[in-house]
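Here are my notes on the model, point by point. Please read them with the structure open.

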Amino acid sequence: MSTNPPDLRPDLAPKARLSDPARPGQPTVGMVSLGCPKALVDSERILTRLRAEGYGISPDYAGANAVIVNTCGFLDSAKAESLSAIGEALQENGRVIVTGCLGAEPEYITGAHPSVLAVTGPHQYEQVLEAVHDAVPPSPDPFVDLLPASGVSLTPRHFSYLKISEGCNHKCKFCIIPDMRGRLQSRPAHAVLREAEKLVENGVRELLVISQDTSAYGIDIKHATDRGHRAHITDLARDLGGLGVWVRLHYVYPYPHVRQLIPLMADGLVLPYLDIPFQHAHPDVLRRMARPAAAAKTLDEIAAWRAICPELTLRSTFIVGYPGETEAEFQTLLDWMEEALLDRVGCFKYENVAGARSNALPDHVPDELKQDRWERFMRKAQAISEAKLANKVGQRLDVIIDEIDDDAATCRTKADAPEIDGNLFIDEGFENLSVGDIVTVEVDEAGEYDLWGRLTG
């Protein structure tokens with residue numbers, strides 16, 4: 001049992017979990033999956049394809065004939081982490097195939113690690129498979145190597161990420177994701193719903209909807225209707241809400257049509273939770289970021305959402321120390337936070353990223369000032385979180401159980417996404433509970449980021 005402060009890297013996905021023992025003589029592949037939940041879904045798809053071809057999935061370096069490292073290239077610190085992971089895989093195994101966002105810069109990887117077997121870019125599934133075939137020829141046994149209907153999952157059985165689109169049409173100056181992953185490419189709504197149905201059939205109790213821009217889903221295909229399902233986020237949310245499981249929306253930009261989602265949350269079809277990347281509050285900083293500069297209107301939107309759905313939880317991420325950020329602009333952000341009272345907040349200190357247009361902006365903020373502003377921002381966010389959680393003491397809440405150990409059952413409320421938000425702990429009478437159960441608790445204690453409760457009934 002461990003308490004859970006907000007992650008300093010809110011772009012990180014939960015750690016991949018592998019438990020698929022190989023048969024004797026079966027060729028095996030290991031996977032190191034870095035970066036965001038979207039990358040984790042890519043890893044699951046790669047492993048599902050390999051599993052269908054007869055490969056075993058190794059949970060460690062020693063048991064693998066080759067290792068795939070799915071990299072992140074979001075920030076320079078993430079790139080360094082990816083290079084470190086590649087180096088570790090080379091040292092521990094020696095046969096390494098690199099894929100993912102950093103794979104869009106193959107010379108960057110091979111310059112540091114010339115002995116990697118192959119480098120492929122993000123969601124280049126066929127190229128990854130070809131590289132694995134070259135390194136470790138398949139040897140399927142048709143009587144043994146049957147692929148489960150649910151495919152290979154790198155998350156616990158009771159929740160799963162559901163990716164609805166690739167790419168992004170935004171041109172934020174600090175971001176190179178559109179360069180790595182391309183423009184928006186939405187999946188047909190019927191395909192998303194069919195995948196969700198299969199996940200639910202196989203025991204998933206919570207679907208986490210992800211993309212680079214969930215609000216924009218379907219714009220590129222003109223919100224096409226196919227097999228009775230329309231490619232629009234409101235329609236998709238309503239369809240998913242009919243499956244009888246928790247549905248959580250991530251990466252939602254505050255377009256005007258987002259307000260159409262709030263009644264679905266008030267009615268219980270989808271969780272009353274929005275993950276919105278506001279990034280900043282001062283209009284001049286937002287303009288320098290090339291993002292919509294309507295912070296005041298955003299406060300009005302938030303008030304309107306909460307009027308419709310008072311239980312709404314808002315999560316966001318912010319950047320402090322963006323080039324040109326003045327003390328007055330930063331203070332505007334703190335003041336905005338005081339008004340917005342967001343429930344869950346993550347924060348980045350601005351970093352240059354190779355290829356980002358923000359690198360060329362004037363008046364870069366010194367590192368020590370970035371650190372100071374980050375600490376001040378997090379103190380503000382922590383105080384807001386602590387006050388909001390204190391108000392939940394005495395309330396009855398539904399929670400989903402993620403983990404059970406000798407000390408407690410670690411759970412999440414509807415207000416908490418895996419890994420990046422807080423937990424609720426049941427430390428008495430939890431012995432008969434199981435991972436994936438959804439139970440009702442009464443909150444009897446609150447901390448800065450986490451809750452404690454006891455079972456009711």
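1. Two strands count as paired if DSSP finds at least two bridges between them. Helices (H or I, at least four residues) and strands (E, at least two) are DSSP runs, numbered from the N terminus. Strand 14 and strand 15 (residues 344–349) are joined by six bridges and run parallel.

2. A word on provenance. This is a predicted model, in which local features need pLDDT of at least 70, side-chain atom pairs count only at pLDDT 80 or more, and totals for chains, interfaces and linings use all residues. Residues are numbered from 1 along each chain as its sequence is written, and side-chain values use heavy atoms, with hydrogens and water left out.

3. Overall content. The protein chain holds twelve helices and 20 strands. Of its 457 residues, 56% count as buried (buried means under 20% relative accessible area, exposed over 50%, partly exposed in between; 1.4 Å probe, protein chains only). Contact means heavy atoms within 4.5 Å. Among contacts in the protein chain with a separation of 6 or more, 75% come from residues 24 or more positions apart.

4. Back to strand 14 (residues 313–320). Is this strand enclosed or open? Eight of its eight residues are buried, so strand 14 is largely enclosed by the rest of the structure. Thr313, Arg315, Thr317 and Ile319 point one way, while Leu314, Ser316, Phe318 and Val320 point the other way. Strand 14 also pairs with strand 13 (residues 273–275), in the parallel sense, over three bridges. There, Asp275 stands opposite Arg315.

5. Gln279 belongs with this region. Its place is the loop between strand 13 and helix 9 (283–289). Gln279 counts as buried because its relative accessibility is 9%. Neighbours within four places in sequence aside, Gln279 contacts Ser316, Thr317, Phe318 and Ile319, and also Phe174, Met289 and Arg291.

6. Five strands form it in the order 2-1-3-4-5, with parallel pairing. Its edge strands are strand 2 (56–58) and strand 5 (118–119), each pairing on one side only. Strand 3 (residues 66–71) and strand 4 (residues 96–100) run parallel and share five bridges. Val67 stands opposite Val96 in strand 4.

7. Helices pack on that sheet. Helix 4 (residues 125–135) touches strand 1, strand 3, strand 4 and strand 5, and its direction makes about 180° with that of strand 4. Helix 2 (residues 76–92) lies across strand 1 (28–33), strand 3 and strand 4, at about 175° to strand 3. Axes are lines fitted to C-alpha atoms, for helices over the stretch in contact, and angles run from 0 to 180 degrees between N-to-C directions.

8. Which way does helix 1 lie against helix 4? The axes of helix 1 (residues 37–52) and helix 4 come within 10 Å and cross at roughly 50°. That makes helix 1 oblique to helix 4 (under 35 degrees is roughly parallel, over 145 roughly antiparallel, 65 to 115 roughly perpendicular, and the rest oblique). Asp42, Arg45, Ile46, Arg49 and Leu50 of helix 1 meet Tyr125, Glu126, Val128, Leu129 and Val132 of helix 4.

9. Five strands close into it in the order 16-17-18-20-19, with mixed pairing. Neighbouring strands of this sheet are turned by 50° against each other on average, direction ignored. Strand 16 (residues 396–404) and strand 17 (residues 409–413) are antiparallel over five bridges. Ile404 stands opposite Ala409 in strand 17.

10. Gln395 sits in the loop between helix 12 (367–390) and strand 16. At 35% relative accessibility, Gln395 is partly exposed. Gln395 and Val443 lie 48 residues apart in sequence but 5.7 Å apart in space, C-alpha to C-alpha. Sequence neighbours within four places aside, Gln395 contacts Val441, Glu442 and Val443.

11. Last, Ala354, in the loop between strand 15 and helix 12. Its relative accessible area is 45%, so Ala354 is partly exposed. Between the C-alpha atoms of Ala354 and Gly73, 281 residues apart along the chain, the separation is 9.5 Å. Leaving aside neighbours within four places in sequence, Ala354 contacts Asp76, Lys79, Ile176 and Asn359.
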